[in-house]
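Here is a short report for a reader meeting this structure for the first time. Look over the sequence and the model, then read on.

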Amino acid sequence: MLEDLTLKFEKALKKITGQGRLTENNIADTLREIRRVLLDADVNYKVAKQFIDDVKQKALGREVLASVTPGQLVTKIIYDELTKLMGGSSKGLTLNPTGVTVILIVGLQGSGKTTFSAKLSRHLTELKRKVLLTAADVYRPAAVEQLKQLGAQINAPVYSVEGSQDAVKIARDSIVYAKKNGLNTVIIDTAGRLHVDEEMMREIVAIKKAVNPTEVLFVVDSMTGQDAVNSAKAFHESVEFDGIVLTKLDGDSRGGCALSIRAVVNKPVKFISAGEKLDTIEIFHPDRLASRILGKGDIVSLVEKAQKQVDEKEAEELQKKLLSNKFDFDDFLKQIRMIKKMGSLKSLLAMVPGLNKALRNADIDDKQLVVVESIIQSMTKEERRNPRILNGSRRRRIARGSGNSIQDVNRLIKQYKEMQKMMKRFKNNKGMINLSNFGLN
Amino acid sequence: MSSFSDKLKKLKEGLNRTKDKIVTQISESISGKAIIDEDVLEEIEEILISSDVNYEIVEKIIEKARVKLRETKERSKVNLIEIIKKEFEEILQNYKVESEIIKFNDFKPYVILVVGVNGAGKTTTIAKLANIYKNKGFKVLIGSGDTFRAAANEQLEIWGGRVGVQIVNKKQGSDPSAVAFETLSIAKKENVDVVIIDTAGRLHTKHNLMEELGKIKRVLGKVLQHAPNDVFLVVDGNTGQNALVQAREFSKFTQLTGLIITKLDGTAKGGMVFSVCSELNIPIKYVGVGEGIDDLLEFNPNEFVQALFG
Ligand SMILES: Nc1nc2c(ncn2[C@@H]2O[C@H](COP(=O)(O)OP(=O)(O)OP(=O)(O)O)[C@@H](O)[C@H]2O)c(=O)[nH]1
Ligand SMILES: [Mg+2]
């Protein structure tokens, strides 16, 4: 079991030793590949170029951990930057504690505004807001009727004016109506419009002016391609929106348009709409979108997981101990716990690049980690620090105490010794051991 | 009618902006040197990718153009852009088929099923199609197969009133296959020439909803052996690379016979159709250029490519 594993780790680690620092040369291929990935995910041509250039500048010269290749490291940096960019100034919806909060919903035709308006209404009602839906799409046939029916489904009042063609007046009047009726939140659903339609853009500007919204949300179909930059920019220039809503994410689009929009209009994604049912509204997770755009790279999630979970200080300490060869059972236990924190061992291993197939398929049982943990926990402080004192009777006591067999205990101690030997070898080979290797593996 | 030519003008204007940029770029560098400048190639790449043409296709076509350019003696005089345009036109030309309208007299009623993701423009396009067919003297009947979305019936009903065609519908929540069945039955009785069946928008990733489409199609075939004669996929012109996946999936369940690209009155160029056409062997039938009843143009490969580049 574990014994086997350590041997295999050792081999694998040798295979995937680090390559010093990131250079133009050792990341060129990966960057080219990532550019392509971004373009395939509908990230705008210019945005992708700029983004990759920026990341490259930041990445050059960075030290490469022993456990990853330059390509993997730069991928991770890209992922981090992407997450940062998408998350940025991310904050929720602004809701006024007093008075009426007005939320104006804008976007292109067919982007999902009406459905989202109803979802948001339901969501805010759950947050104890008193919501009014305003039907200000006076153009699309039966748009008003659609909102009315959705409102009825979620028990939200809908403000509409039969036969009116004056969206500005409807919007303005709905706020008066809300105040009169003790409603503190108004969501205004507007007609879809193209950013090049001057007349319609004038209308949305007039609506905004008339209602002075607390929030303007730009609703965009996640399947949108390269042109997202143009429509978002134009909408932003006209109505200056506060946030983005990404819809139809229950499909399989990669959602690169969100990055494009983010790049040209520095506004956060505030909601995700992922389904036709009215409870499918979600808060936005930048990291999830980042991996979606990158195609859910396994490497990225591995590096990410490891990075997140390994407490750097603890790692440093362990490293020092390894170097001075004072690696005891307490350290062993810490390491086991780190591995456990990182999730299933097997799924982690499957993601480690360079590990050969045999190892990836090796039957590694997370339960074994539990056994190891329980054995170490049954040791006294003294025993953990000084494993040499573990004689026969102590071993028997530990076995009984931890509910394992004496063989299990013996095996563990043998493995510990192997491990110590291995550490020594590492130390002699390289002089420097980066503990993230062990955290990872 | 004025709105129609307005829209066309708008479409062309938008596209001309692109043209000016690229054509000056190319003629400058080509007349100067015999070799294509890397900058020019990059510029072309940018224009194509910014139009949502798939990366792989861009690479392939640029490579082909390079080779062709190399084979020509008078390289400096060759207009690289013409070569590239021809390549793109060829992709579309390969899949050009005759208009469905000339077949209307051979099948009675001629049946068209319209499918697509949510908000693509199916219902509006159906109204526009019905209008075209009606104006050519055919009796049209529309089946309101979107029994799911709120007010879908009402929306189609309003369009029916505007165009002057009858709509068959059932109440929300009914089985769309039943609507399809009933529409065909009525069409047979009432001597209808063309039947168009609307369907609820659905994401191609939802297996059960895609199966539902398959079922609608089978039911149509049971009532009338030749039905549906056509299955049109409506794709939002703003869509990026996902269009190919959409087309692939819809084709699996309904064997598409044509594409309709909507919302080309904006600034999106619809370049993703090249991968759809070439992978799935289906022609583009129409393009939507507005929300008005006349804003549907018959697809013209030459113009479309011209529009990409000017
Ligand atoms: N500018 C423009 N808008 C269009 C075009 N075609 C459709 N639309 C608009 O796009 C929106 C959605 O159109 P629908 O016809 O309702 O789309 P659908 O595919 O039937 O939508 P669902 O049935 O809800 O899935 C409407 O606001 C239409 O007016 C077009 O060619 N240009
Ligand atoms: Mg519809």
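Helix α5 (residues 122-135) of chain B provides the largest share of the shell around ligand 1, with three residues. The model is a predicted one. In this model, 25 residues surround ligand 1. The closest are Gln109(A), Gly121(B), Thr123(B), Gly201(B) and Gly288(B). The site counts as shared between chains, because residues from chains A and B surround ligand 1. By class, the shell around ligand 1 has 13 polar, eight charged and four nonpolar residues.

**Where the chains meet**

How many residues of chain A are in contact with chain B? There are 31, and they touch 31 residues of chain B. On the side of chain A that touches chain B, α2 (24-40) and α6 (143-153) of chain A each supply at least two residues. α6(A) gives the most, with four residues. That side of chain A is made up of twelve polar, ten nonpolar and nine charged residues.

**The two chains in figures**

| Chain | Helices and strands | Residues and buried share | Contacts at least 24 apart, among those at least 6 apart in sequence |
|---|---|---|---|
| Chain B | eleven helices, eight strands | 310 residues, 52% buried | 76% |

**The cores**

In soluble globular proteins, nonpolar side chains tend to be buried together. The largest nonpolar core here holds 174 residues. Leu133(A), Ile188(A), Ala130(B), Val195(B) and Ile196(B) touch the most other members. This core draws at least three residues from each of two domains of chain A, domain 1 (18-88) and domain 2 (101-283). A second, separate core has eleven residues. Val371(A), Val372(A), Met379(A) and Tyr416(A) are among them.

Take Ile196(B) as one member of the largest core. What does Ile196(B) contact, leaving aside its neighbours within four places in sequence? The list is Ile112(B), Val114(B), Ile126(B), Leu129(B), Ala130(B), Val140(B) and Ile142(B).

**A buried leucine and an exposed glycine**

Leu184(B) lies in helix α7 (residues 176-189) of chain B. Is Leu184(B) buried or exposed? Leu184(B) has 26 C-beta neighbours inside 10 Å, so it counts as buried. The cut-off for a buried residue is 20 or more. Not counting residues up to four places away in sequence, Leu184(B) touches Val111(B), Val195(B), Leu220(B), Val223(B), Leu224(B) and Ala227(B). Ala227(B) is 43 residues from Leu184(B) in sequence, and their C-alpha atoms are 9.2 Å apart in space.

Gly182(A) sits in the loop between α7 (167-180) and β4 (185-190) of chain A. Gly182(A) has 7 C-beta neighbours inside 10 Å, so it counts as exposed. The cut-off for an exposed residue is 12 or fewer. Leu132(A) is 50 residues from Gly182(A) in sequence, and the two are 9.9 Å apart in space, C-alpha to C-alpha.

**Helix α9 of chain A**

Helix α9 (residues 228-239) of chain A has twelve residues. At 1.5 Å a residue, α9(A) should span 16 Å, and its end C-alpha atoms are 16 Å apart, so the two agree. Which residues of α9(A) are buried? They are Ala228(A), Val229(A), Ser231(A), Ala232(A), Phe235(A) and Val239(A). An α-helix has 3.6 residues a turn, so residues three or four places apart point the same way. The buried residues of α9(A) pack against α3 (45-59), β1 (101-107), α8 (198-211), β5 (215-221) and α10 (257-264) of chain A. Just after the helix, Glu240(A) takes a positive phi of about 45°.

**Helix α10 of chain B**

Helix α10 of chain B covers residues 273-280. Val273(B), Phe274(B), Ser275(B), Val276(B) and Cys277(B) are buried there. What covers them? The cover includes three helices of chain B, α3 (55-71), α4 (80-93) and α9 (242-254). It also includes the strands β6 (258-262) and β7 (284-288) of chain B. After α10(B) comes Asn281(B), with a positive phi near 55°.

Notes: Residues are numbered from 1 along each chain as its sequence is written. Chains are lettered from A and ligands numbered from 1 in the order in which they are written. This is a predicted model: local features need pLDDT of at least 70, side-chain atom pairs count only at pLDDT 80 or more; totals for chains, interfaces and linings use all residues. A nonpolar core is a set of buried Ala, Val, Leu, Ile, Met, Phe, Trp, Tyr and Cys residues joined through C-beta atoms within 7 Å. Domain bounds come from an automatic or database domain assignment. Two residues are in contact if their C-beta atoms, placed from the backbone, lie within 7 Å. Ala, Val, Leu, Ile, Met, Phe, Trp, Tyr, Cys and Pro count as nonpolar, Asp, Glu, Lys and Arg as charged, and the others, Gly among them, as polar. A residue is near a molecule or strand if its C-beta atom, placed from the backbone, lies within 6 Å of it. The expected span of a helix is 1.5 Å times one less than its number of residues.
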